[in-house]
Amino acid sequence: MKKLIGPFTQILTLSGLATKGPLNDGQLEVITAGGMLIENGLILQTGRFDRLHAAHPDVKVEEVTGENVLLPGFIDCHTHLCFAGNRAKDYSLRIQGETYLEIAKAGGGIWDSVTQTRQADDATLVQLLQQRVARHFSEGVTTIEVKSGYGLDLPNELKQLRAIQTVAKDSAADLVATCLAAHLRPKDFNGSSAAYLEHIVQHLLPLVKREGLASRVDIFIEQSAFSSAEALPYLLKAKAMGFQLTVHADQFTTGGLQTAIEAGAVSADHLEASTSNEITLLKDSETVAVVLPGASLGLGMQYAPARKLLDAGACLAIASDWNPGSAPMGDLLMQAAVMSAAEKISAAEVFAGLCFRAASALNLKDRGIIAPGMQADIQAYPCADYREILYHQGKMKPQTVWKSGQNSHKNIPD
Ligand SMILES: [Zn+2]
């Protein structure tokens with residue numbers, strides 16, 4: 001059944017923008033006094049609300065009151081939302097001056113979250129994930145990537161991926177699962193890092209494939225995790241099994257990005273340590289650069305070179321990296337807004353990075369732009385001009401979020 005939603009003071013469609021490279025706000029298509037015609041969860045048409053209404057006088061109208069700016073729903077293409085416990089102790093040590101790598105060596109870090117997540121039963125893990133997904137959705141995130149990687153053995157990686165599958169069945173947001181069994185060599189694995197990765201290829205990935213638990217594989221390439229030499233054969237084997245690839249690359253030291261590109265990864269994420277050499281490699285590839293300002297905020301370190309990446313012609317997506325260690329805040333818009341002020345990223349580049357360029361990082365072609373045929377995943381902010389959204393640095397939240405045209409959340413009741 002058709003439905004007309006509106007009127008919106010502005011609709012920011014993000015239509016017609018380049019998939020890579022710099023963007024300026026003058027390129028943004030803004031429809032004023034706009035409406036959106038929806039059918040079967042897809043966008044049928046956008047335009048002036050009064051004209052759409054006149055052309056479709058019998059259609060059901062979902063009226064929007066007050067000032068409203070409509071955007072595509074955000075796509076958070078990198079999160080670790082499926083975890084138990086917290087790492088407040090690590091955080092406290094970090095703000096007392098210890099580094100991430102020092103804390104990891106001393107038994108904190110990812111291994112601490114592995115221990116806490118292994119201890120949680122299925123129902124607890126599902127409930128924790130449901131709560132975080134619901135919060136993210138209420139903040140305008142209509143598609144959420146979720147990684148495993150706090151199990152690090154067969155039963156616990158499967159427990160995490162099955163929890164993601166369970167939550168995905170009835171959550172308002174779409175979830176995209178990624179297998180990150182290669183987050184860290186588990187301390188209790190009896191063998192080398194290379195042997196652990198081979199163990200994953202032989203025993204876990206076939207089960208993940210058989211149960212349809214994830215179509216993507218990720219690895220953390222870093223001094224504290226896996227080397228490029230260990231990662232490349234792992235990535236190529238996963239690719240040969242039909243998985244799409246993504247890589248935690250260049251967070252503290254370089255090397256990961258080059259490996260991601262060599263393996264043909266869809267995205268390379270982090271890039272805080274990337275220099276002009278790595279940026280040159282990236283711009284000539286099809287790999288999407290995903291920057292994670294929440295991790296820079298949590299670790300008190302520099303942002304990834306987002307401006308340089310855009311100027312070099314990269315496709316730049318922005319994600320939250322929401323995780324219990326380095327990025328506990330999980331507020332995607334706030335993180336993007338704060339980074340945009342520091343890195344000089346225009347509103348057009350920020351919204352592209354949160355919407356259609358983030359969709360590219362997940363290889364999704366049906367969302368992230370307000371255009372006919374796209375999923376009607378949309379969100380409305382209580383303001384008259386889209387520029388107010390970043391101006392409030394993430395404090396202004398959407399008052400309504402729609403998934404596939406369904407208004408499933410209202411922060412402010414009618
Ligand atoms: Zn991450």
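Predicted model: local features only at pLDDT ≥ 70, side-chain atom pairs only at ≥ 80, totals over all residues.
## Overall form

The protein contains 16 helices and 16 strands. Its radius of gyration is 21 Å, close to the 22 Å given by the globule rule for 414 residues, so the protein is as compact as a globular protein of that length. The C-alpha trace spans about 70 × 45 × 45 Å along its principal axes.

Of the 414 residues, 59% count as buried. Among the contacts with a separation of 6 or more, 72% are accounted for by residues 24 or more positions apart.

## Zinc site

The zinc ion has as protein donors H78 (NE2), H80 (NE2), H248 (NE2) and D321 (OD), which lie 2.1 to 2.3 Å from the ion. The angles among the four donor atoms are 85 to 170 degrees, and the site is irregular. A tetrahedral assignment would need all angles to lie between 85 and 135 degrees. In sequence, the spacing of the donor residues is H-x1-H-x167-H-x72-D.

The pair H80 and D321 links distant parts of the chain, being 241 residues apart. H80 belongs to the loop between strand 6 (74–76) and helix 2 (88–94), whereas D321 belongs to the loop between strand 13 (316–318) and helix 13 (332–343). Both H80 and D321 are buried.

Strand 14 (residues 378–381) is covered on both faces. I378 and A380 are buried on one side, and Q379 and Y381 are buried on the other. In a regular strand, side chains alternate between the two faces of the sheet.

Strand 14 pairs with strand 5 (residues 69–72), the two running antiparallel and joined by four bridges. Within this pairing, L71 has Q379 as its bridge partner. Strand 14 also pairs with strand 15 (residues 400–403), again in the antiparallel sense, over three bridges. In that pairing, I378 stands opposite W402.

In soluble globular proteins, nonpolar side chains tend to be buried together. The largest nonpolar core in this model has 122 residues, of which F74, I219 and F351 touch the most other members. Helix 7 (residues 193–210) gives the most to this core, contributing seven residues.

Leaving aside residues up to four places away in sequence, I219 touches L180, A182, L197, F226, A231, Y234, L235, T246, V247 and H248. H248 is also one of the zinc donors, through NE2. A second, separate core has 14 residues, including I75, V288, A317 and A359.

## Backbone exceptions

The peptide bond from G6 to P7 is cis, with omega near -5 degrees. P7 is found in strand 1 (residues 2–12).

A33 is found in strand 2 (residues 30–39), whereas N363 is found in the loop between helix 15 (356–361) and strand 14. The relative accessibility of A33 is 30%, so A33 counts as partly exposed. N363 is likewise partly exposed, with a relative accessible area of 35%.

Note on methods. Residues numbered from 1 in each chain as written. Heavy atoms only, no water. Buried < 20%, exposed > 50% of the residue type's maximum accessible area, 1.4 Å probe, protein only. Pairing = 2+ DSSP bridges. Donors = N, O, S within 2.8 Å, 3.2 Å for Na, K, Ca; no water. Tetrahedral: all angles 85-135°; square planar, octahedral: opposite > 155°, others 65-115°. Core = buried A, V, L, I, M, F, W, Y, C linked by side-chain atoms within 4.5 Å. Contact = heavy atoms within 4.5 Å. Rg over C-alpha atoms; globule rule 2.2 N^0.38 Å.
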